[in-house]
Amino acid sequence: MTFGLLLCLLLGFAGRLVHAGEATRQKIVSLAPSVTETLFALGLGDRLVGETTYCDYPAEAKKLPKIGDFMNPSLEAVLAKKPDLILGVTGATDPVKAREMERLGLKVVLVSVANLNDILASTRIIGALLGSDKAGENLAAKITAQVEEVKKKVSPAPRRSVLLVVGFQPLIAVGGRNFIDELITLAGGDNIAGSAAQPWLNLPDEIVVAKAPEVIIEAGMGSERESGKRWGDLKSVPAVRERRIYSYPSDKILRPGPRFGEALAEIARLIHPECFANPASLSNERSRCERPGP
Amino acid sequence: MSTAIRIKDLAFAYGERNVLGGVSLAIEKGEMIGILGPNGSGKTTLLKILSAVLRCAGLVELNGKDLRSYGRRELSRLFAVVPQESQINFPFTLAEIVLMGRASHHSPLGLEGPRDLEAARRSLEATETSLLADRYLHELSGGEKQRVMIARALAQEAEILLLDEPAAFLDLKHQVRAFELMRRLNRERGLTIVAALHDLNLAALFFPRLAMLSGGKVYRDGPAREVLSEENILEVYGVEVRVEMDASRERPQVFLRT
Amino acid sequence: MNVLDRRKMIRVNGILFLLLILSVIGCSLVGPVAVNLWRALENLFSPDANAEILFRARLPRVLLGVAIGGGMAACGVVLQALLRNPLACPQMLGVSGGASLGGILGLIFFPNWLLPVAGGLLGEISWVPLAAFLGALLSMVLVYRFSLFHGRLHPYHLLLSGVIFNSFIAALIMFLNSIVDFYQAQGLLFWLMGSLSTRAYLTVAFIWAYVVLGFLWLWAKGLPLNLITLGEETAMQLGVETGALQRQVFVASSLMIGAMVSISGMIGFVGLMIPHVMRLIVGSDHRLLLPASFLAGGIFLSWADTLARVLLAPAELPVGIVTAFFGGPFFLLLLYREGRKKLAL
């Protein structure tokens with residue numbers, strides 16, 4: 001499930017920035033998985049001396065020492081690492097703990113990753129903070145390119161209504177005002193729960209039927225085999241009728257970090273499979289990546 | 001007269017504390033007997049044993065049959081108990097509480113019938129609580145509550161009435177009324193009455209037979225003028241008193257020496 | 001003398017039953033989404049959004065709400081009598097704690113396991129409610145053993161055992177919540193807070209059978225329950241086998257509560273409040289209080305669930321929050337107006 005990531009978006013404080021300058025060989029502690037990924041993507045993974053227990057990408061990150069989870073980093077563990085810089089994420093990192101660390105003389109920077117623009121900005125900011133402005137800019141450009149490619153691929157097709165489920169018993173769906181909702185939109189989808197103010201919410205079945213999603217994506221749930229069973233009786237829902245119910249086990253990729261573009265591509269593939277298929281292999285009209293003609 | 005209750009070598013202990021040991025007593029049908037004794041002498045315990053709330057060692061026979069062989073519902077048609085105090089946490093009206101005395105007279109799955117309502121009404125009249133019928137128990141004074149308990153016991157229409165200090169909270173007028181009621185019931189309906197009493201004088205005036213408990217046994221058992229002697233009272237209660245016969249020369253009255 | 005008679009029984013229960021039917025209909029028609037009833041009826045057997053919303057998404061949960069609201073209220077009444085304590089409620093016995101723990105363990109270790117019913121013919125049910133029910137049974141047995149003295153379940157011991165057991169379980173649950181994957185923890189929390197969301201008529205039928213049978217059995221004990229509120233000794237003297245009554249009532253209500261919590265999580269407040277509300281309206285005689293509370297509980301919970309669906313649409317509020325939030329002030333108002341007369345305030 002991708003709650004923790006959605007938590008990043010809850011409070012939406014503005015990120016506090018510190019000007020770059022203290023560049024070389026800094027020891028960094030990361031308080032969020034997306035930060036860890038960004039650091040490695042910028043080639044600065046070797047400067048990481050501590051990270052959260054949820055930081056598991058890339059493979060090298062798994063071996064690094066842990067300082068607690070991103071809701072509850074251990075102050076002592078962080079102090080013990082004697083970091084020069086502590087990087088966190090607004091909305092996920094506990095602002096009280098951040099202030100504590102500052103009061104103890106540590107330098108803490110929180111970046112916002114609430115939407116795509118902020119994610120891109122965060123790579124630049126982090127790059128700049130560590131004297132790798134160029135790497136930050138390149139990473140932002142790479143993500144942007146990935147996003148643009150997907151947008152281009154799905155633009156001919158009509159928007160499909162999407163339900164992205166992150167939990168069952170009870171049914172939890174991705175809501176509005178968060179980066180995953182934006183991702184769905186970029187992928188040519190229309191999040192049926194996007195009008196909600198909460199980033200994730202318990203959705204009653206009648207809303208699902210009423211909004212009639214054309215695609216249902218079950219993120220982080222069990223196997224493909226079980227996914228169809230849960231919806232079988234709601235045949236008025238297009239996604240059920242047309243069997244567009246997909247399980248998405250690799251939900252860990254859904255992070256507001258460097259892999260945003262990859263995640264976008266994967267989700268877009270589920271929403272508009274016809275736009276990613278080899279055109280030569282398609283035969284019937286229904287599976288062509290275009291708006292239906294007059 | 002047949003023996004209603006026969007007690008032989010009854011013994012009872014609360015855990016380690018022996019309260020009663022070797023109590024033997026025979027009560028005839030239609031008798032009115034008062035149980036005397038200081039606090040802790042086992043009066044309440046004895047009544048609880050008789051109403052099958054507590055189990056004892058020894059023999060207790062009711063109408064010739066072992067008490068233990070009776071079912072509870074059957075027993076509640078034979079015994080009616082007026083407890084010393086009651087703690088009721090829920091808002092029931094008096095009428096409802098008195099009607100509960102009729103529980104063993106109608107099916108547990110049904111509501112009370114006209115006979116039950118009639119019995120309840122008569123009990124309320126006998127205890128002069130009719131006007132309070134629709135009031136809630138917690139609105140009443142201690143004395144009124146006790147009369148309601150007596151009314152409930154009467155509504156049970158049982159052969160034997162067991163009362164635990166029934167006059168404890170009553171004012172003078174109602175004390176006298178309560179005991180007069182008991183005497184009337186005894187004479188008119190032949191109810192067997194066993195009452196634990198602390199007021200020696202009232203006991204002497206209303207109860208033809210008294211049994212005084214001491215040291216877990218029946219110390220004295222007989223008519224009031226035999227049981228209520230200055231020596232007995234000193235021995236059992238540890239108080240020096242003066243005993244004189246009342247105006248009718250039949251019943252002793254106890255006066256404190258100060 | 002104003003006492004319970006057949007006319008009052010029929011009148012009170014009749015009115016409540018009618019209100020219940022109206023509530024079932026009303027709650028099925030009301031929701032965050034507008035539904036066209038005629039179209040729904042026309043398309044009962046073809047895929048149609050109206051029909052599916054009404055008959056697959058809403059009606060099962062309304063019916064579940066009626067069963068659980070009624071069951072919780074009835075158990076609340078009975079427990080208040082058994083424990084002779086007006087603050088008693090279904091949560092106190094420890095059974096709901098055990099069910100919650102069982103459910104949590106199920107959600108952590110085997111959330112996707114399914115058990116085929118009748119060889120798969122009647123569909124499948126999740127293992128989570130089964131695990132919860134096993135937890136309920138286990139805790140029932142434990143609390144029972146700890147409270148049994150000389151064949152009697154003394155209210156004092158029951159209360160204490162239940163409360164201590166619940167605290168222990170709550171600590172365990174918090175511990176589990178803290179060590180699992182953060183994402184899982186959020187899901188566990190939602191489950192714990194309770195939800196009537198269901199589309200499975202099989203589940204609803206099962207709970208209905210369970211709750212109605214349990215309620216009927218308890219209703220038959222109405223008179224002994226009246227007597228036991230007078231005190232254990234007095235009840236004995238009035239003909240009640242109190243030891244047997246306590247044991248049977250404890251087991252019956254524990255089983256009911258265990259089943260209900262297993263299916264829908266812990267929905268609180270209904271079992272505490274409805275008995276008191278109905279006591280203020282219809283009196284304390286359990287022969288009327290039990291059916292009246294059962295019906296009123298069903299009415300209350302189905303409307304609470306409707307509010308839960310509507311208030312923050314499209315999101316669904318945990319129904320336990322709605323019951324407390326709206327039930328609380330209503331109860332206080334009623335208490336203020338009627339209680340002064342009836343409860344020695």
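**Exercise 1. Which chains touch**

How far apart do the closest C-alpha atoms of chain A and chain B lie? Work out how the three chains are arranged in this predicted model.

*Solution.* 

Step 1. Begin with chains A and B. Their closest C-alpha atoms lie 39 Å apart, and no contact joins the two chains.

Step 2. Look at the pairs that do touch. There are two such pairs, and the one with the most contacts is chains A and C. In that pair, 30 residues of chain C meet 32 residues of chain A. The other contact takes 35 residues from chain B and 31 residues from chain C.

Step 3. Note the scores for the complex. The predictor gives an ipTM of 0.88 and a pTM of 0.87.

**Exercise 2. The two contact sides**

*Solution.* 

Step 1. Take the contact between chains B and C, with 35 residues from chain B and 31 residues from chain C. On the chain B side, at least two residues each come from helix H2 (72–78), strand E6 (79–82), helix H3 (94–100) and helix H4 (114–126) of chain B. H3(B) gives the most to this side, with four residues. Sorted by class, the side of chain B that touches chain C has 19 nonpolar, nine polar and seven charged residues.

Step 2. Take the contact of 30 residues of chain C with 32 residues of chain A. On the chain C side, the elements that give two or more residues are H3 and helix H7 (182–193) of chain C. H7(C) gives the most to this side, with seven residues. By class, the side of chain C that touches chain A holds 15 nonpolar, eight polar and seven charged residues.

**Exercise 3. Domains and core**

How is chain A divided into domains?

*Solution.* 

Step 1. List the parts. Chain A has eleven helices and ten strands, and is divided into domain 1 (3–149) and domain 2 (154–287). Of the 294 residues of chain A, 51% count as buried.

Step 2. Find where the domains meet. In chain A, 21 residues of domain 1 are in contact with 20 residues of domain 2. The elements that each supply at least two residues of the domain 1 side include helix H1 (3–7) and helix H6 (133–154) of chain A. H2(A) gives the most to that side, with five residues. The residues of the domain 1 side divide into 15 nonpolar, five polar and one charged.

Step 3. Turn to the core. The largest nonpolar core has 271 residues, of which Leu164(A) and Ala173(A) touch the most other members. Helix H3 (residues 49–82) of chain C gives the most to this core, with 20 residues. Domain 1 and domain 2 of chain A both give residues to this core, so it lies between them.

Step 4. Look at one member. Setting aside neighbours within four places in sequence, the residues in contact with Leu164(A) include Ala173(A), Val174(A), Ile180(A) and Asn191(A).

**Exercise 4. Strands of chain B**

In what order do the strands of the four-stranded open sheet of chain B lie? Then trace the pairings of E9(B).

*Solution.* 

Step 1. Write down the order. It is E2-E1-E4-E5 (chain B), with antiparallel pairing. Strand E2 (17–28) and strand E5 (65–66) of chain B are the edge strands, as each pairs on one side only.

Step 2. Check one pair. Strand E1 (residues 3–14) and strand E4 (residues 57–62) of chain B pair over five bridges in the antiparallel sense. Within E4(B), Glu61(B) is the bridge partner of Arg6(B).

Step 3. Move to E9(B). Strand E3 (residues 32–36) and strand E9 (residues 209–214) of chain B run parallel and are joined by four bridges. Strand E10 (residues 217–223) of chain B pairs with E9(B) in the antiparallel sense over six bridges.

Step 4. Follow Ala211(B) in E9(B). Ile35(B) stands opposite Ala211(B), and Ala211(B) also stands opposite Asp221(B) in E10(B).

Step 5. Inspect the turn. E9(B) and E10(B) form a hairpin with two residues between them, and Gly215(B) in the turn has a positive phi of about 60 degrees.

How values were computed: Residues numbered from 1 in each chain as written. Chains lettered and ligands numbered in written order. Predicted model: local features only at pLDDT ≥ 70, side-chain atom pairs only at ≥ 80, totals over all residues. Contact = placed C-beta atoms within 7 Å. Nonpolar A, V, L, I, M, F, W, Y, C, P; charged D, E, K, R; others polar. Pairing = 2+ DSSP bridges. Core = buried A, V, L, I, M, F, W, Y, C linked by C-beta atoms within 7 Å. Buried ≥ 20, exposed ≤ 12 C-beta atoms within 10 Å, placed from the backbone. Domains from an automatic or database assignment.
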